[in-house]
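Dear colleague,

I am handing over the structure we spoke about, and below it you will find what turned up when it was examined. Please keep it open beside this message as you read.

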Amino acid sequence: MEHAVGIIADIIGSRDMLDRPAAQRVITEAFEQVEAVVPSIRPAWATVGDEFQLITATWQDAVRITVRMQAMLAEEAQLRFGIGAGEINTIEEGEVGPIQDGSAWLHARAAIEDVEQRQQHRADISSGFRCDDAELATAVNTQLVLGDHILSRLKARERRLCSTLLLGATQQQAARKEGISQAAVSQALHRSGAMALLDADAMLAT
């Protein structure tokens, strides 16, 4: 058993997708880009039922990964995330990924089920967190609610700028990529609330 954080990512509306394999490839590539910036203990792997799982060392890394995935994939695929902190036990290595159990996965499953239920009333909810520490769970979920809300309201360009910076680019590099000025990038980030996401991410990285 090891203490870690498990993340379950579920593709929303996967049954209605015209090309589910293509969507899964896009998601896999996005995870690879994100994990180059925020390392995981075990890289993301696809499981049954159009789900992905991965393992991080801390809940902070888990939050940073899910924010990046949401920012990157809004136009290609929408994901919901369940994050669970606790124990992870690897039973054996399967053909498509490890077979594991433990409280982290139980918490992650409960978190993603809670997100799915809450989405019936709040479409901007995309992620949830569970652990044995009730106060920590409340604090993390408060941050997730606010982050999900900001991400859901970003316009296409604002989301691209946020995603580009979350992957390590500077405002100047993002400006060149979009063909706009650095001042326009700064204005878009502050106006949309994306700068708050970037500031929160920097705090979680320390």
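A residue is called buried here when its relative accessible area is under 20%. Please bear in mind that this is a predicted model.

An α-helix has 3.6 residues a turn, so residues three or four places apart point the same way. Helix α8 itself covers residues 194–205, which makes 12 residues, and from its first C-alpha to its last it reaches 17 Å, close to the 16 Å expected at 1.5 Å a residue.

Turning to the aromatic rings, the structure holds 2 aromatic pairs. One of them is formed by F31 and F52, a tilted pair with 5.8 Å from centre to centre and 45 degrees between the planes. This pair links distant parts of the chain, since F31 belongs to helix α1 (residues 20–35) and F52 to strand β3 (residues 51–56), 21 residues apart. Both F31 and F52 are buried.

The rings of W45 and W105 have centres 6.3 Å apart and planes at 80 degrees, so this pair is edge-to-face. Because W45 lies in strand β2 (residues 42–47) and W105 in helix α3 (residues 103–118), the pair ties together parts that are 60 residues apart in sequence. Both W45 and W105 are buried, and R42 lies over the face of W45, at 6.0 Å from the ring centre.

How values were computed: Residues numbered from 1 in each chain as written. Predicted model: local features only at pLDDT ≥ 70, side-chain atom pairs only at ≥ 80, totals over all residues. Heavy atoms only, no water. Phe/Tyr/Trp six-rings, centres within 6.5 Å; stacked < 30°, edge-to-face > 60°. Helix = DSSP H or I, 4+ residues; strand = E, 2+ residues; numbered from the N terminus. Buried < 20%, exposed > 50% of the residue type's maximum accessible area, 1.4 Å probe, protein only. Lys NZ or Arg CZ within 6 Å of the ring centre and 35° of its normal. Expected span 1.5 Å × (residues − 1).
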